[in-house]
Amino acid sequence: MRPFRYEHVVDRDQALRAGAGANASYLAGGTTLVDLMKLDVLRPERVVDINALSADHGQIRAGADGLYLGALARMAQAAGHPAVRRDYPVIAQSLELAASPQIRNMASLGGNVLQKTRCPYYRDVSWNACNKRVPGSGCAAIGGVNRRLAVLGTSASCIANYPGDFAVALAALGATVDIEGPGGRRVVAIEDLHRLPGEAPHLETSLAPGDLITGFAVPAGPWTRNSLYLKVRDRQSYEFALASAAVAVDLDGKTVRQARIGLGGVATRPWRAHAAEAALQGKPLDEATARAAAEAAFDGAVSHGGNAFKVELGRRTLVRALLQASALEA
Amino acid sequence: MAMVRNEGAGPSRRGLLAGLTGAASALPIVAGAAHAAEPRPATHDRPTLDLSLNVNGRPRRLALDPRTTLLDALRDQLGLTGAKKGCDQGQCGACTVLIDGTRVLSCLTLAATVQGRPVITIEGLAQGEALHPMQTAFIEHDAFQCGYCTPGQILSAVACVNEGHASTDAEVREFMSGNICRCGAYPRIVSAIGGAASKMRRS
């Protein structure tokens, strides 16, 4: 690991001042940052420990208008919160099916959303070609071992998949992200937080240097209770998704008033499947309409040999999730 | 190179091995060759951090490089080698310790971030000569072979029970998935945890 200056801050103003310094990184749980610093992938010169801000930005509140999740709440806190489990099961499940108990105790929600891809060429600096790690260096994954990588939202520069689960649930539920930064406070839609790779995959989010995520607001809706997270993976536990679906449905009998769909494991960023949602609107939710929605969700998918199976796996994952959600309502 | 301070007296095999490992680390690392052309900043004049750690109920003062993980501080500075370095990437659970009673991975925890918070390692689990019920259960159920993952397994298992995640074998398997055992002692680990859980709930 390269040397860095460690700074412990005790409030938000201190954090923002320190975070605005050149090549600074905020440190919460450390499960991404410390890991990637050891691997020499991330090389901050200043590490700003924001864990003391947990008192102000680690709270979880549920009310009539929705759910608020402080960015420094830990994954395990949110997964175990009674209101989250009862009223937002897709969020609780996305967290509990992720990582290990130890990591869920450490990792903050803000850090979880910002976790880096598990693309092996990004994580291993002995590979020279990685546009995400070294802009303009090429992509070793497109012609390489890409079984786990993305089929949606890819570009000719990068097919690294977004590996997280929680942000996929947030995308399905239309959450917003509270951000504090040198430019003041702002709120962005979760779908606008992560960027598509395009020609600049090293630019991963819409965050500016020094920006700090302080929390996530999830609007209430009749669909949040009828929601679930289905995760398909190589191992039964402690494994990233090959394909996952976050599904929330509001049904009138069997007819879909509104469906909210997020996809994980298959895309370059937390993915909201708008076309699939539109395909279900006003239709009875059954195997045929679920299949049609899944076809719409993966319309335009691009695969590269090793990950070709993920297109059909992703469709079937979504079909099963939708049918399970329709059974919840009944 | 820092001398290893063992809790016991006299020279030890581990101290000798630690010295050899330190010497080996001065050799160039082939995997980093892609960046070999970039000079690394000198580290000797970097500020060290004066930290107060609370390990197994004892206050410990250390002067550490900011890069030091809790795992390295425990093993190399404090001589507490119960927490094991398996993968050093947060994937195996051999380094599991309890902080504020919560199980975490010491390999991904910077020592600087745990100032003043109580850390429990496997060395601090027993009460004097009386083993913790989970330690006794691991012995009674023969829940290990080589033993390398065992300290992490036991601390993780204690937390698993305290969290209320040990009511069925299936729940134990799910909530112990962060601790890998390459000997494959899982069936006995699950039965040991089940046995200890009922004793821990009674006490």
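In the predicted model, Ala99(A) lies in the loop between helix H6 (89–96) and H7 of chain A. Its phi is positive, about 55 degrees, although the residue is not a glycine. Most residues other than glycine have a negative phi. Ala99(A) is buried, because 26 other C-beta atoms lie within 10 Å and the cut-off for burial is 20 or more.

Asn23(A) is placed in the loop between H1 and S2 of chain A. Asn23(A) is exposed, with 10 other C-beta atoms within 10 Å.

Chain A contains 13 helices and 12 strands. The C-alpha trace spans about 60 × 50 × 35 Å along the principal axes of chain A. Of the 330 residues in chain A, 55% are buried. Contacts in chain A between residues at least 6 apart in sequence were also considered, and 66% of these join residues at least 24 apart.

Chain A is assigned three segments of structure: domain 1 (5–52), domain 2 (55–114 + 164–219) and domain 3 (227–326). The C-alpha centres of domain 1 and domain 2 of chain A are separated by 18 Å. Their contact involves 12 residues of domain 1 of chain A and 15 residues of domain 2 of chain A. On the domain 1 side, helix H1 (residues 12–19) of chain A gives the most, with 4 residues. That side of domain 1 of chain A comprises 6 nonpolar, 5 polar and 1 charged residues.

In H1(A), the buried residues are Ala15(A), Leu16(A), Ala18(A) and Gly19(A). Viewed down the axis of H1(A), these residues fall within an arc of 165 degrees, so they line one face of the helix. The elements that cover the buried residues of H1(A) include strand S1 (5–8), strand S2 (24–27), strand S3 (46–49), strand S6 (176–181) and strand S8 (212–219) of chain A.

The largest nonpolar core has 163 residues, of which Val247(A), Leu263(A), Leu318(A) and Ile193(B) touch the most other members. Not counting residues up to four places away in sequence, Leu263(A) touches Leu152(A), Val168(A), Ser244(A), Ala245(A), Trp271(A), Ala273(A), Ala297(A), Gly314(A) and Leu318(A).

Between the chains, 24 residues of chain A are in contact with 30 residues of chain B. Helix H2 (33–38) and helix H7 (101–106) of chain A each supply at least two residues of the chain A side. The largest share of that side, 5 residues, comes from H7(A). By class, the side of chain A that touches chain B divides into 10 nonpolar, 9 polar and 5 charged residues.

Lys38(A) is located in helix H2 of chain A. With 17 C-beta neighbours inside 10 Å, Lys38(A) counts as partly exposed. Apart from residues up to four places away in sequence, Lys38(A) touches Met1(A) and Asp88(B). The C-alpha atoms of Lys38(A) and Gly262(A) are 32 Å apart in space, and the two residues are 224 residues apart in sequence.

Conventions: Residues numbered from 1 in each chain as written. Chains lettered and ligands numbered in written order. Predicted model: local features only at pLDDT ≥ 70, side-chain atom pairs only at ≥ 80, totals over all residues. Buried ≥ 20, exposed ≤ 12 C-beta atoms within 10 Å, placed from the backbone. Contact = placed C-beta atoms within 7 Å. Domains from an automatic or database assignment. Nonpolar A, V, L, I, M, F, W, Y, C, P; charged D, E, K, R; others polar. Core = buried A, V, L, I, M, F, W, Y, C linked by C-beta atoms within 7 Å. Arc of directions from axis to C-beta.
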